[in-house]
Amino acid sequence: MENNTDDVYKAKRFFEIDFVKGFATIFMIIFHFFYLMYFMDIVKFEIKQGILHLMAKISHTIFILMVGVNSAISYNKFREKNKKLYEKDYTSFKNQYIGKVAKRSLFLLLAGFTMTVLSYLGFGNLFVKFGIFHFVGVALLLAIPIVHNKFLALAVTLFIAIVHVLSNTARMRAFFSVNCQNVPFICFITGVYNIKFSSLDHFSIIPYFALVTFGIFLGHLLYTDKKRKFLNKKEEEKFENYEKKNVVNNIGLMGKNSFIIYFFHFVLFYILLIGYKYQLKPKLDTFMAQNSVTEKMDTLEGSNLGENTQKVEN
């Protein structure tokens with residue numbers, strides 16, 4: 001069997017992408033801690049507006065945008081690595097690429113299904129039905145026909161944006177409110193209308209797939225498989241020095257492992273907060289209540305002692 005891999009090819013990883021994803025990971029961890037406390041009825045922090053809401057928006061926007069950027073870079077790397085096959089037998093090249101993406105998509109969908117089961121056990125009807133893992137797994141498959149072309153990706157971005165705006169008009173919402181009765185889950189996943197579902201974590205195809213396709217556009221615009229298009233050779237050499245800084249490297253490491261962190265930190269927070277809610281919190285409440293009673297008694301005794309002293313003096 002012919003080996004179409006170029007032996008001299010060496011893939012390049014762009015540290016700034018991992019760095020940006022690392023910042024998003026930090027925001028995500030902070031938000032999810034307070035988010036779980038809210039939904040577990042421990043402390044009702046404001047999560048639907050303010051700083052926590054902003055952190056969540058920034059975090060998931062970066063994550064989904066970077067899915068597109070990485071998809072474009074990954075495609076360019078795969079094409080360069082299999083350059084001979086791409087030139088001689090495009091159909092075989094495309095099938096191999098589809099297989100590569102399908103494996104990654106399957107892994108993410110399995111992670112999503114695991115999150116669905118765990119969230120159902122922990123939160124009942126609020127369980128995750130189509131969360132970030134489900135969405136990215138499906139988005140990678142949907143992006144296969146357009147990942148090779150930045151202008152096609154940009155056109156799809158604009159198309160989804162228009163559909164999103166139109167689907168939120170009064171006439172279209174009235175239309176979907178009737179027609180989605182028969183296929184409520186499909187409408188929920190696509191994002192055109194939600195009739196009855198609620199979920200801890202939800203990312204519908206519309207509008208979020210537009211972030212993926214716009215990320216594909218940016219990935220082709222800013223990068224090749226080995227270099228940054230927005231820097232010349234001298235600037236790139238200088239820019240690469242930032243990767244050696246400990247802060248950049250550590251945050252970038254979080255970015256490299258962002259999806260693993262996403263999965264496990266959520267589960268870990270849930271276990272810790274369950275322990276706090278049902279084991280530690282009752283003991284703390286009892287302790288605080290006892291201290292409060294003791295303080296009141298001490299205050300009362302002090303007050304009585306003062307009154308008795310006044311009576312003796314009189």
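A crossing of two helices is left-handed if the near helix is turned anticlockwise from the far one by less than a right angle, and right-handed if clockwise. In this predicted model, local features need pLDDT of at least 70 and side-chain atom pairs count only at pLDDT 80 or more, while totals for chains, interfaces and linings use all residues. Residues are numbered from 1 along each chain as its sequence is written, and side-chain values use heavy atoms, without hydrogens and water.

The crossing of α6 and α9 is left-handed; helices are DSSP runs (H or I, at least four residues) numbered from the N terminus. The axes of α6 (residues 150-167) and α9 (residues 205-222) come within 8 Å and cross at roughly 155°, axes being lines fitted to C-alpha atoms over the stretch in contact, with angles from 0 to 180 degrees between N-to-C directions. The two helices are therefore roughly antiparallel (over 145 degrees). Contact (heavy atoms within 4.5 Å) joins residues including Leu 154 and Ile 160 in α6 to residues including Phe 209 and Phe 217 in α9.

Two pockets are described below. A pocket is an open set of points on a 1 Å grid over the protein atoms alone where a 1.4 Å probe fits, with protein on both sides within 12 Å along at least five of seven lines; lining residues have an atom within 4 Å of a point. A volume is the space filled by probe spheres set on the points.

| Largest | about 1,000 Å³ | 36 residues |

In the largest pocket, α2 gives the largest share of the lining, six residues.

Conventions. Parallel < 35°, antiparallel > 145°, perpendicular 65-115°, else oblique.
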